[in-house]
Structures are given as structure tokens and as C-alpha cells.
Amino acid sequence: MKTTDTPPAGPAGVAEDRPPVVKVPAPPAVRTRGREGTVLNVFSHGVLVIWAVMVVLPLLWAVMTSFKTDADIFTSPWSLPDSLHFENWSRAWTQAHMSDYFLNTVIVVGGSLVGTLLFGSMAAYVLARFEFPGNRFIYFLFIGGMSFPIMLALVPLFFVLNNVALLNTLHGLILVYIAYSLPFTVFFLTAFFRTLPTSVAEAALIDGASHTRTFFQVMLPMAKPGLISVAIFNFLGQWNQYMLPTVLNTDPEKKVLSQGLVELAVSQGYKGDWSGLFAGLVMAMLPVLAAYIIFQRQVVAGLTAGALK
């Protein structure tokens, strides 16, 4: 038995005649905007690709050169090394005293990061959550500290540290790094603490928690993305700091990595140990890259927190 498709019947059993569906073309303005968006995406992606190549290629070239011999660096600078010369790294680590510089840098940057995050978060929490006379004045003092050139403070800092017997000491350099990093830390975390819900802190206070316990056990864990973000920025600035340790830390046994690399480059003279110099450069560069690669998601989360509600 052959069946045929019939149009659906109406209320009275009469087949309804539906008009065919006609696709209406998009208006010219919509098509123009679509083409403009495509062109803009292609242009932006092209710029990002060019920027990535400009950043990544010098890093790869430095790593590649650190495994070459001095002769290969000058005869074939762009070619791959014929073999991996790990003795360049061991020579830079031992003979160039990069191990001592690395240890001093870890001590100074680690201590200053802990102090900066502790004091900066406490000051930012008070400025963001409590109203008292002089609140805005203190906040703008920290903002003014961000615009103060560090070069103008080098001579006063030198005499201050000399008078309190902290010149050429690691703990003196730690205190200077903390003071140097506090303005940006307070500015960043004050804005971050203002985005956190006040109901959580109020509930903790109602339950009998003190302001100190509320800050350390409730608010500080909630501010973890902001703390990681500001820690990364401070780590980059303090790890690569050269001007402050050059003026305030002239003891050869307590120099940091930036000073050690400059001393290694200056001491080359006619010896030409360029492979050891590149190995030391990569040693100083690897912790920064590792820190950013590991915490890149937290950095983005901290920067975008509070943007959407």
C-alpha cells in the first residue's frame, strides 16, 4: 500500500496551506560588521604571533648558546650546538660563583616577598575595610610612593643604612626591597579587598572572631588570587633589581644575581668565556620563567577578579 505525505489537517480536517520558508539575507550592515570583525581578529592574532616570536626567539637562542663552545658561538651563532656542553653550566655555577649569587638572591627575594605580602596585605585590608580619619591621606601617600623615582632615594638610603649598621647586609637589603615594593602592593591589594564580600567578614565577627582572626583565617584565604598576582609582579621586580643592590650591597660575598652577571661580563676581558656567561644568564632567567608558567592562571584570575559581578 503506497502512502503519500499530506499537509497537516486544520481544525475542520482541511489541510492547511503553509507558505514556504524564505530565508531573508542579512542586512548589508550586519555583513559589513562581520567582515570587519574577521579582519580585526586576523590583525590582532597576527600582532600576537609577531610579538610571541620576538619574545621567544631570543630566549631560545640564549638557551641554545649556553650549550655551545666559545668557538661555535662566533663561527655559527644561529646553528644548533653539535653537542650539549654541560660543562658551561658547571663552570658558571662554581668558578663564576653563580651558586653564591643565586643563594643570596633567593634569601633576599624570599624574605622580602614574605614581608611585602604580610605588611602590604595588612595595610591594604585596613585601608579597604575601615573608615577612620586620615584613611584617604594614607592611601594617597602609598600612591605617591609609586611615582617617586627610586634614584632620588639612593643617597638617603645609603646614609640611613650606614647609620643603622645595615649597609652591605642581606637583611638590610630585604628591608629596602620591602619598602620599595609596598606602594604597589598596597595599591593593588586595596582594590582587591574592596571586591570581596563584606557579609563573610561580618558573619565571622558575629560568630565571635576577632579582627585579627577574621583577617588571617577568612579574608586572607579569599584574597589568594590577588596575593599570587602581586607576589609574581614583586618577584619579577625584585629578582631583576640591579640599582638598589649595586648602591647598598658592595660586599663581594653578598652580591645578588644581577650584580654577579654584570661582574661576570666585565671580568671577561680577553678570556672570552662567553659560553659560561650565557649559562649564567639562563640560570638567572629560568626561575622567572618557571614562576610565571606555574602561576599564570592565578595571575590572570587575580587581575580579572572583581571585573565581573
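Here is a short tour of this structure, from the whole chain down to single residues. The model is predicted, so please read every value below as computed from that model. The chain holds 13 helices and 0 strands, and buried residues make up 34% of its 309 residues.

**The chain as a whole**

- Of the contacts in the chain with a separation of 6 or more, 71% are accounted for by residues 24 or more positions apart.
- The accessible surface of the chain is about 19300 Å², and carbon and sulfur atoms hold 71% of that surface.

**Helices α4 and α7**

- Two packed helices are described by the angle between their axes and the distance between the axes.
- For helix α4 (residues 98-129) and helix α7 (residues 170-195), the packing angle is about 35° and the axes are 6 Å apart.
- The crossing of α4 past α7 is right-handed.
- The residues that form the contact of α4 with α7 comprise 17 nonpolar, 10 polar and 2 charged.
- G110 sits in helix α4 and is partly exposed, at 31% relative accessibility.
- G110 and I174 are 64 residues apart along the chain, and their C-alpha atoms are separated by 8.7 Å.

**Helix α3 and its buried face**

- Helix α3 spans residues 87-94, and N88, W89 and A92 are buried in this helix.
- Viewed down the axis of α3, the buried residues fall within an arc of 95°, so they line one face of the helix.
- As background, an α-helix has 3.6 residues a turn, so residues three or four places apart point the same way.

- S66 belongs to the loop between α1 (28-65) and α2 (70-75).
- Is S66 buried or exposed? S66 is buried, because its relative accessible area is 0% and the cut-off for buried is under 20%.
- Which residues are in contact with S66, leaving aside its neighbours within four places in sequence? They are H85, N88, W89, S275, F278, A279 and V282.

- V282 is part of helix α13 (residues 274-304), and with 1% relative accessibility V282 counts as buried.
- Not counting residues up to four places away in sequence, V282 touches A62, V63, S66 and W89.
- V282 and V63 lie 219 residues apart along the chain, while their C-alpha atoms are separated by 6.2 Å.
- L59 is found in helix α1, and this residue is partly exposed, with a relative accessible area of 27%.
- With residues up to four places away in sequence not counted, L59 touches M285 and L289.
- The C-alpha atoms of L59 and M285 are separated by 9.0 Å, although the two residues are 226 residues apart along the chain.

- A165 is not a glycine, yet its phi is positive, at about 60°.
- N168 is also a residue other than glycine with a positive phi, in this case near 60°.
- How do A165 and N168 stand in terms of accessibility, and which words apply? A165 is exposed, with a relative accessible area of 59%, whereas N168 is partly exposed at 22% relative accessibility.
- The reasoning for A165 is brief: its relative accessible area is 59%, and exposed means over 50%, so A165 counts as exposed.
- For N168, 22% is not under the 20% limit for buried and not over the 50% limit for exposed, so N168 counts as partly exposed.

Note on methods. Residues numbered from 1 in each chain as written. Predicted model: local features only at pLDDT ≥ 70, side-chain atom pairs only at ≥ 80, totals over all residues. Heavy atoms only, no water. Axes fitted to C-alpha atoms, helices over the stretch in contact; angles between N-to-C directions. Helix = DSSP H or I, 4+ residues; strand = E, 2+ residues; numbered from the N terminus. Left-handed = near helix turned anticlockwise from the far one by under 90°. Nonpolar A, V, L, I, M, F, W, Y, C, P; charged D, E, K, R; others polar. Buried < 20%, exposed > 50% of the residue type's maximum accessible area, 1.4 Å probe, protein only. Arc of directions from axis to C-beta. Contact = heavy atoms within 4.5 Å. Areas by Shrake-Rupley, 256 points an atom, 1.4 Å probe, with all protein chains shown as cover.
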